[in-house]
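Please keep the sequence and the structure in view while reading.

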Amino acid sequence: MTVRAGTLPQRASIPALVLDSMEVGILVLDPRGRIGYLNRKAEEILEVASAEFIGRDVDEAFVSNDDRWHSSDPIDTLGARATQREASLKIGGREVTIEATAAALRGGEEELLGTLVTFTDYSEGEADEEFQRNVQRLASLGELSAVVAHEIRNPLTGIRTTVQYVGSKLAEGDPKKEDLQDVIKEIDRIEQIITELLLFARPQAAKTELVNINEVVEKSLDNLELQFEELKIAVKRDLAEGPPLIAVDPDQMLQVFLNLLINSVDAMPEGGSLRAATSTRRYRSGRRVVEVAFSDTGVGIPQDNLDKIFDPFFTTRPSGTGLGLTISLQIVREHGGRITVRNRSQGGATFRITLPVPEPEGGD
Ligand SMILES: Nc1ncnc2c1ncn2[C@@H]1O[C@H](COP(=O)(O)OP(=O)(O)OP(=O)(O)O)[C@@H](O)[C@H]1O
Ligand SMILES: [Mg+2]
C-alpha cells in the first residue's frame, strides 16, 4: 500500500482526528456513568462499534469484576497521579482485559462533567515482554543449575550411604544414632531440592492430548478442598462454558495449577477468597488462546519482588524452596503459553496463564 500525503483538515476537525489516531483507548462517561464517547482505538480494543454503545450504562455494557476501573479517585482532582487499574470486561460473552486510568473531566473548579478513561489492551504486547524477560533469565540459570545439581547428586549419595553405614554400627539407644537420623533427613531434603531443580532444568517431555482445561482446573481445586475448608478460603469457580480443546499434558498443567493455588493458600493465612476463571480470547493477530486466571485476596507481591518471583530459589517463605513458579513457567513455556502476574487493585495477586488454541486443519 502506498501512502500519499493529504492535507491537514480545518482546525476545528483536528481534535477528532487526533483522538482517532491515538494509540490508547479513550472512553468518556457522563456523571451518571453513561457512555458518551469511544475513540477508534477503544472500539478496536473492545471490539465494539461505538454507535451501539453511546448512551448505555457503562456497567451494563462492559461487565467487570472490579467496577472501579472507570471511577476516578477524588485524589485525581487535586492533581495527584491517577492510579492504573487492571480490569477484565465481559462484553457479550467475550472477555477483554484492559489497564485503565480514570480521571475526572471537569468543566470548571466545581463542575464535574464526567469521567475520562484512558486504557490499553493488556493482552498481548506487554504481557509478552514481561514473559520474555523472565524466560531469558531462566535460560541461563537453567543450564548452570542442571550442571550444579548433577554434580552435587553423586557425592551426596555417597555421603548418605556412609552416614547410614556408620549409624548401623552404633548400639541401639546410642544418642548419636538420632543425630545421624537428623543428618539423613537433611540430606533427603537436599536430594528433594535437586530432583526439583533437575525437573526444571531438564523438563520431561510433555505427553499432550486434547484437553478441556476446565476439567484440569476443577481437579486442582478438588485436590485442595480440605485446605480451603480448613483455612476458610472461599472458592469461586468462574469457568467458561465449553472452552475449545487445547493440546496440553494434563498432568503437567495440573502441577502448574496446584503450584499457583498452593501459593495463593500460603498468601492467605487468615483466610480469604480465591477465584478460578477460564475464558477464551482472540487477539487482533487472529491467534486464539484459552486463559486460566487465579486471583486471591492474599498479601500480594511487593513491587520489588515482581521481577524475581519466577527465579529459581526465590522465596519469602521460611520453608519454601522457591522452585514452584520456576517450574510452572518452564512447563507453560514448553506448551507455547504465557504466564504473567499482576497485583490486584483491591489487594492480592492474579496469575494468568494463556495457552494457544490449535488452528483448525486447513484454515477456517
Ligand atoms: N499468590 C501469591 N501471593 C503472594 N505472593 C506470592 C504468590 N505466589 C507467589 N508469591 C511469592 O513468590 C515467591 C516464589 O513462589 P514459588 O512458588 O516459586 O516458591 P515458594 O512458594 O516460596 O516455594 P515452593 O518451591 O515450595 O513453591 C513466594 O515465596 C512468594 O513470595
Ligand atoms: Mg510455591
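**Helices, sheets and a ligand shell**

Helix H6 (residues 213–223) packs against H8 at an angle of about 50 degrees, and the two axes lie 9 Å apart. That angle makes H6 oblique to H8, where angles under 35 degrees count as roughly parallel, over 145 as roughly antiparallel, 65 to 115 as roughly perpendicular and the rest as oblique. The axes are lines fitted to C-alpha atoms, for helices over the stretch in contact, and the angles run from 0 to 180 degrees between N-to-C directions. The crossing of H6 and H8 is right-handed; a crossing is right-handed if the near helix is turned clockwise from the far one by less than a right angle, and left-handed if anticlockwise.

This is a predicted model, in which local features need pLDDT of at least 70 and side-chain atom pairs count only at pLDDT 80 or more, while totals for chains, interfaces and linings use all residues. Residues are numbered from 1 along each chain as its sequence is written, and chains are lettered from A and ligands numbered from 1 in the order in which they are written. Helices (H or I, at least four residues) and strands (E, at least two) are DSSP runs, numbered from the N terminus.

Ligand 1 is surrounded by 22 residues, of which the closest are Asn263, Ala267, Thr315, Gly320 and Gly324. A residue is near a molecule or strand if its C-beta atom, placed from the backbone, lies within 6 Å of it. H8 supplies the largest share, four residues. By type, the shell around ligand 1 divides into eight nonpolar, twelve polar and two charged residues. Here Ala, Val, Leu, Ile, Met, Phe, Trp, Tyr, Cys and Pro count as nonpolar, Asp, Glu, Lys and Arg as charged, and the others, Gly among them, as polar.

H9 itself is largely enclosed by the rest of the structure, because nine of its eleven residues are buried. A residue is buried if 20 or more other C-beta atoms, placed from the backbone, lie within 10 Å of its own, exposed if 12 or fewer, and partly exposed in between. The buried residues of H9 include Gly324, Leu325, Ile327 and Val332. Just after H9, Gly336 takes a positive phi of about 75 degrees.

Strand S8 (residues 233–238) pairs with strand S10 (residues 272–282) in the parallel sense over six bridges, and Val235 stands opposite Leu274 in S10. Two strands pair if DSSP finds at least two bridges between them. S10 is also joined to strand S11 (residues 288–296) by nine bridges, and these two run antiparallel. In this second pairing, Ala276 stands opposite Phe294 in S11.

Six other strands form an open sheet with antiparallel pairing, in the order S2-S1-S6-S5-S4-S3. Strand S2 (35–38) and S3 stand at the edges, each with a single partner strand, so one side of each is left without a neighbour in the sheet. Eight bridges join S4 to strand S5 (residues 94–108), which run antiparallel. Their hairpin has two residues between the strands, and Gly92 there takes a positive phi near 45 degrees.

Backbone angles also draw attention to two loops. Most residues other than glycine have a negative phi. Lys232, however, is not a glycine and has a positive phi of about 55 degrees. Lys232 is found in the loop between helix H7 (225–230) and S8, and it counts as exposed because it has 11 C-beta neighbours inside 10 Å. Phe313, likewise not a glycine, has a positive phi of about 70 degrees. Phe313 lies in the loop between S11 and H9 and is partly exposed, with 14 other C-beta atoms within 10 Å.
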